[in-house]
Amino acid sequence: MPEILRVAVVGAGRMGADHIQRIHHRISGAEVAAVVDIDLDRVNAAIDGIPGAKGYTDLDAALAGGDVNAVLLATPGFLHHDALLKVLEADIPVLCEKPLTPDAASSWEIVEAEAKLGRKRIQVGFMRRFDAEYQQLRQLIGNQGLGELLVLHHQHRNPSTPEGFTNEMLINDSVVHEFDAIRFFTGEEITSVQVRLGKATRNAPNGQHDPQHVLLETTSGVLADVEIYVNAKFGYEVATQASFEDGIVSIGNDAGPYVRTAGQWGGKVTPGFEERFGAAYDTEIQSWVDAALQGEIGGPSAWDGYATAACCEAGVEAQRTGAKVDVVLNSKPDLYN
Ligand code: ISE
């Protein structure tokens, strides 16, 4: 077993750069050994101040360099498939930012490749699973402290969207988190997805219908709904209300100092996902490192990446047709049971 994880961070954009700083300053048992990005200026900016980190413009060169024993993949999703196959071939652990890949067929190829290898090497970056309140709600559902879980209501609100954020991305880039969260909370697969398009905000860019209302069911019949609203302006909010037989539980409500000053009362709204899930990201990466140093992978697996990719496909079809679309999955390889 390695004593230290020597991580190649692939993709030095918003998430990659954030993870480089995280590993360097806050994670124990790991160091940034390499940064890979097609943009050399970005590589150089990212390794500045990280002693020993080498810069590369392609993953093959970084893997061949011999300094790396783990990969953190933070490139756009369409680049994940090929990179994941290379990492599986190198047989080293990888933390792959969501999505595993952009569609169910290519995600299934990754599942099959990992199953063939015979050991888990991939963790998917669904960081919400590492949020303290997410874990508390999951525990409450599991131990049936309030009876059976019946319904989940999710609110997912972003202040605005970056340039190029398409209508499909409301599902593929945003609701993908709720697909995983609902599977995490219930321990069940999602069986169908429906998307309702109602009154839209004038603040959405052309081509985007915002907000949207996503309705889901799980295998035991738990109902879930998601308000995805990505140009909500006021700030960032990810919250859930769970209805049980014997009570109602809410998580994700802004909590912080309640201030009264100058004739005003209140607190601060979270500005974005880095702040909302900062602690969850730290816990996620630390637990990936701790497991990898033991030769293991915990957390969301390639199977979870595949299942959510299938939900996204159903969601985009539901968005387009207005129909209730079934989510159909291949059978789960033993590796993931
Ligand atoms: C973004 O990619 C994320 O992953 C955020 O957590 C999510 O809130 C946002 O909607 C996505 O675009």
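Visitor: Hi! Which residues are around the ligand?

Guide: They are Lys98, Met127, His156, Asn158, Phe165, Asp173, Ser174, His177, Tyr236 and Phe273, each with a heavy atom within 4 Å of the ligand. This is a predicted model, where local features need pLDDT of at least 70, side-chain atom pairs count only at pLDDT 80 or more, and totals for chains, interfaces and linings use all residues. Residues are numbered from 1 along each chain as its sequence is written, and side-chain values use heavy atoms, with hydrogens and water left out.

Visitor: Nice. How many of the shell residues are nonpolar, polar and charged?

Guide: Four are nonpolar, four polar and two charged. Here Ala, Val, Leu, Ile, Met, Phe, Trp, Tyr, Cys and Pro count as nonpolar, Asp, Glu, Lys and Arg as charged, and the others, Gly among them, as polar.

Visitor: What lies 2.7 Å from an oxygen atom of the ligand?

Guide: A polar side-chain atom of Asp173 does. A side-chain N or O atom of His177 is 2.8 Å from a ligand oxygen, and for Tyr236 the distance is 2.6 Å.

Visitor: How much of the ligand's own accessible area does the protein cover?

Guide: 88% of 300 Å², by the Shrake-Rupley method with a 1.4 Å probe.

Visitor: Switching topic, what does the domain assignment give?

Guide: Domain 1 (5–128 + 279–300) and domain 2 (131–272 + 309–336), with bounds from an automatic or database assignment. Their centres, taken over C-alpha atoms, are 26 Å apart.

Visitor: And how many residues are in contact?

Guide: 17 residues of domain 1 touch 17 of domain 2, where contact means heavy atoms within 4.5 Å.

Definitions and conventions
A polar contact is a pair of N or O atoms within 3.5 Å; within protein, one must be able to donate a hydrogen and the other to accept it, and residues adjacent in sequence count only if both atoms are side-chain atoms.
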